[in-house]
Every structure is written in C-alpha cells, then in structure tokens.
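Welcome, and thanks for taking a look at this one with us. Here is a short briefing on its side-chain contacts, its rings and its sheet.

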Number of protein chains: 2
Amino acid sequence: MQEQLREHIEKIVPLTDDEFAFVWEHFTTEQYKKRAFLIRQGESVPHAYFVVAGLLKLIYDDESGRQHIVSFAMEDWWESDYQAYFTRTKATMSLQCLENTRVCCLSLENYRQLCAGLQKMEHFFLQKANAGHIASQRRILSFLTANANERYEQLLKRYPSLFQRVPKTLLASYLGVSRETLSRLRRS
Amino acid sequence: MQEQLREHIEKIVPLTDDEFAFVWEHFTTEQYKKRAFLIRQGESVPHAYFVVAGLLKLIYDDESGRQHIVSFAMEDWWESDYQAYFTRTKATMSLQCLENTRVCCLSLENYRQLCAGLQKMEHFFLQKANAGHIASQRRILSFLTANANERYEQLLKRYPSLFQRVPKTLLASYLGVSRETLSRLRRS
C-alpha cells in the first residue's frame, strides 16, 4: 500500500525516500471485509483513513432508523467523521464498507506529529482540506439549488464509476431522492 | 484592524512581533458599504476575506433569478468563493454586505507566500480549513436529516446573534424553507 500512498502524496508534494520513510512510519494498514464498520456512530474515532482499494459509505442513522448517506469514499479518497476525529468526541456518523476495502490509518497524534515534523505534509493536508471544503461548498449549493434531476446529472458526470459500484438505493439516499425518482431519472 | 487579525490568529498559533509584522505585510484592508459586493458571480475572485466588523452573505442567483444563501459571515469569519479563489476560475457565487463591513484581504499569491514563509501560518490555515470542512459536513448532514424546525433550532443555538442582524427572508433562504414556515417556527 506504500506505493499508492506515496504516489497520492506526491501529486501535491514531491518527497525524498527518507521523507517518505518518515511519513510511512506514522501510518498503520488495515483490511476490512464488505459490510465491516471502520467507525460506528456513538463510538470514538481513532483514525482518518486513506482508501487504497475498495469503497466505503459515510452514513447517519436517524432516530427513526432511516439511513442517510453523507458521502462515499473510494480509491485515493480520505474519509473520517472529522468532527469526532479532530475534537476527540464520539462519532455522529458511521463508516462502513460497501466492498472489501484496504486502508492506511492515521491517528490524530500521528497526524499532528507528521505536520509538525515535515512542513511538506502540513502543506499536503492543507491542500486536501481546502479541496474537501470546496467539495462540501459545492454540495451545499447543489442541495439549495438543484433539483433531483440536476443532482443526478452532476454526480454522474463527476463520479461515473459510482454508478457501476453503488446500489441504486444508496445513490438515491445520497442524492436525497426516493428510489422511485432515481429509477425514473435513470430511464430518461 | 491589525489587532483583531493578530488576536484571531493567536487563538491558534502564538506569534512574535516580527512574525506578525511579516504576516501583516501580506494583507490589504478594505471598507464596504451595506449592499456593496466583494465578489460577483461570473467575475474573478482575487481575495479571501477576514471579517473584522460587519456581516456578509455568500449567495447564488439561479437562472430563474431566485437567490440562495450558501452562508453568512460575520466578525472573525473567513469567507470567499473558495473554488474560484483557489483554482483562479470565475466566481459561481457572490459575496455581498448586509451591513457596513471592514475586511482584511488576502490574495492567493500572498496566501501561498505566507504559508511557505512561516510554517505557523500554514498550520493556522490548516486548522481553519479543517474547521470549515467539519462545519460543511455538519450542514450537509442537517440537509439530509433535519426538518425545518430542527435546522432552525440548530442555527438559533449556534449563532444566536444572526437572528438579531439578518432579515427573516434571508434566514429562510439559508435554511431552505419558505418565509411563512420560518414565521411559524419563530412564533412557536
């Protein structure tokens, strides 16, 4: 998994072999089976995850037992319940595998050590955080302005592979539409 | 305005006088009258703004001429159309004053120089970006799960002063509810 992580980081900051060795020391790796949980609502969140292979869903189960999809994460994506991770509070969301998944795990302590020990990594994480913030701003805008059809088109254009890998019921939940609406959109 | 900016940054990283002098060199300041635009949809976005005094709305005007509120920004907040700012593309949103407003302005070039020249500032911006990402994740969750009443309660609890300063029509737009729904909520 080292190669994927290095390649991913080097898209933003080039690293020497020594620097990458230092980076790699701060990660652990883990494999999960389909349906396994990396984070459970109500429990602590020890890691942020870099997805090497597989697919995850970040979900929120409301009091009535209905499940809402906050986001998906696949290869080359970082995911966590960031509020719980950064503030060391209990998770308000769960992170669950939709496929067998391999991840690199970074604890908050190691995240801080990595940023303090190597400015390139602070720079890397700043770029990723800004990109995440932009993506969220765009998604908020789409909730405010776009109808179901437009949200569907935006998602299809941005992440075509999701439509091969994710069950329709989950796509509908992510888009905030009913399964029936989604089926109608896919036929049109 | 120097004092407010310094105090704001020092909530996260302490700075020496020399360090703050270096920081301050990278900013310009500006004053705007109520209703003035800092950013206009379709134009370029030269700055990110730190609000020293006043109140702004980040808005999106859709094709039918309807205005949507993406966020508010008041004292101690940073705001911009970050996608346009970081990627040097045209604004998809506008930023407009709801009150007379004073801001510190940071160009992308200066943002980069500041981060490269002083790791403390890269650390500061990483903390702010993570906080922004967390707030967006929370807002997405509230769109997916909360009804109008709950979104209203969450906003009231988090930013009570907004209710004194922002017209009801705009609060309704921010919450994604009708003005009538909001009036009903405020009476209950």
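## Contacts at a glance

In this predicted model, the charged end of A:Arg139 sits over the ring of A:Tyr174, 3.8 Å from the ring centre. In chain B, B:Arg139 lies over the face of B:Tyr174, again at 3.8 Å from the ring centre. Beyond these, a search of the whole structure finds twelve salt bridges over all chains, and the count of aromatic pairs over all chains comes to 32.

**Salt bridges in chain A**

- A:Asp76 and A:Lys11 form a salt bridge, with 2.9 Å between the closest N and O atoms.
- A:Asp76 lies in the loop between β5 (67–74) and β6 (78–79) of chain A, and A:Lys11 in the loop between α1 (2–10) and α2 (17–24) of chain A, so this pair ties together parts that are 65 residues apart in sequence.
- The two partners fall into separate accessibility classes: A:Asp76 counts as partly exposed at 28% relative accessibility, and A:Lys11 counts as exposed at 58%.

**Salt bridges in chain B**

- B:Asp17 forms a salt bridge with B:Arg6, and the closest N and O atoms are 2.9 Å apart.
- Here two helices are tied together: B:Asp17 lies in helix α2 (residues 17–24) of chain B and B:Arg6 in helix α1 (residues 2–10) of chain B, so the pair joins parts that are eleven residues apart in sequence.
- B:Asp17 is exposed, at a relative accessible area of 58%.
- Helix α2 of chain B also takes part in a link to a distant part of the chain, with B:Glu19 in α2 and B:Lys120 in helix α5 (residues 119–145) of chain B, 101 residues apart.
- That link is a salt bridge in which the side chains of B:Lys120 and B:Glu19 meet at 2.8 Å, N to O.

**A salt-bridge network**

- Which residues are joined by salt bridges that share partners? A:Arg6, A:Glu10 and A:Asp17 are joined in this way into one network.

**Aromatic pairs in chain A**

- A pair of aromatic rings is described by the distance of the centres and the angle of the planes.
- A:Phe27 and A:Trp78 form a tilted pair, with 6.2 Å centre to centre and 55 degrees between the planes.
- A:Phe27 lies in strand β1 (residues 27–32) of chain A and A:Trp78 in strand β6 of chain A, so the pair ties together parts that are 51 residues apart in sequence.
- Both A:Phe27 and A:Trp78 are buried.
- A:Tyr85 and A:Phe86 form an edge-to-face pair, with 5.0 Å centre to centre and 65 degrees between the planes.
- A:Tyr85 is buried, with a relative accessible area of 2%, and A:Phe86 also counts as buried, at 18% relative accessibility.
- Ring pairs link these residues into a cluster whose members include A:Phe27, A:Trp78, A:Tyr85 and A:Phe86. Also among them are A:Phe20, A:Trp24, A:Phe50 and A:Tyr111.

**The sheet in chain B**

- Four strands of chain B form an open sheet in the order β2-β7-β4-β5, with antiparallel pairing.
- Which strands are at the edges? They are β2 (37–39) and β5 (67–74) of chain B, each of which pairs on one side only.
- From one strand to the next, the twist averages 30 degrees.
- Strand β4 (residues 55–61) of chain B runs antiparallel to strand β7 (residues 94–97) of chain B, and four bridges join them.
- One bridge partner to look for in β7(B) is B:Leu95, which partners B:Leu58.

**The helix on the sheet**

- α8(B) packs on the sheet and touches β4 and β5 of chain B, and its direction makes about 105 degrees with that of β5(B).
- Helix α8 (residues 168–175) of chain B is mostly covered, with six of its eight residues buried.
- Those buried residues of α8(B) are B:Leu170, B:Leu171, B:Ala172, B:Ser173, B:Tyr174 and B:Leu175.
- Just after α8(B), B:Gly176 takes a positive phi of about 70 degrees.

Methods: Residues are numbered from 1 along each chain as its sequence is written. Chains are lettered from A and ligands numbered from 1 in the order in which they are written. This is a predicted model: local features need pLDDT of at least 70, side-chain atom pairs count only at pLDDT 80 or more; totals for chains, interfaces and linings use all residues. Side-chain values use heavy atoms; hydrogens and water are left out. A salt bridge is a side-chain nitrogen of Lys or Arg within 4 Å of a carboxyl oxygen of Asp or Glu. Buried means under 20% relative accessible area, exposed over 50%, partly exposed in between (1.4 Å probe, protein chains only). Rings of Phe, Tyr and Trp (its six-membered ring) pair if their centres lie within 6.5 Å; planes under 30 degrees apart count as stacked, over 60 as edge-to-face and the rest as tilted. A charge sits over a ring if NZ of Lys or CZ of Arg is within 6 Å of the ring centre and within 35 degrees of the ring normal. Two strands pair if DSSP finds at least two bridges between them. Axes are lines fitted to C-alpha atoms, for helices over the stretch in contact, and angles run from 0 to 180 degrees between N-to-C directions. Contact means heavy atoms within 4.5 Å.
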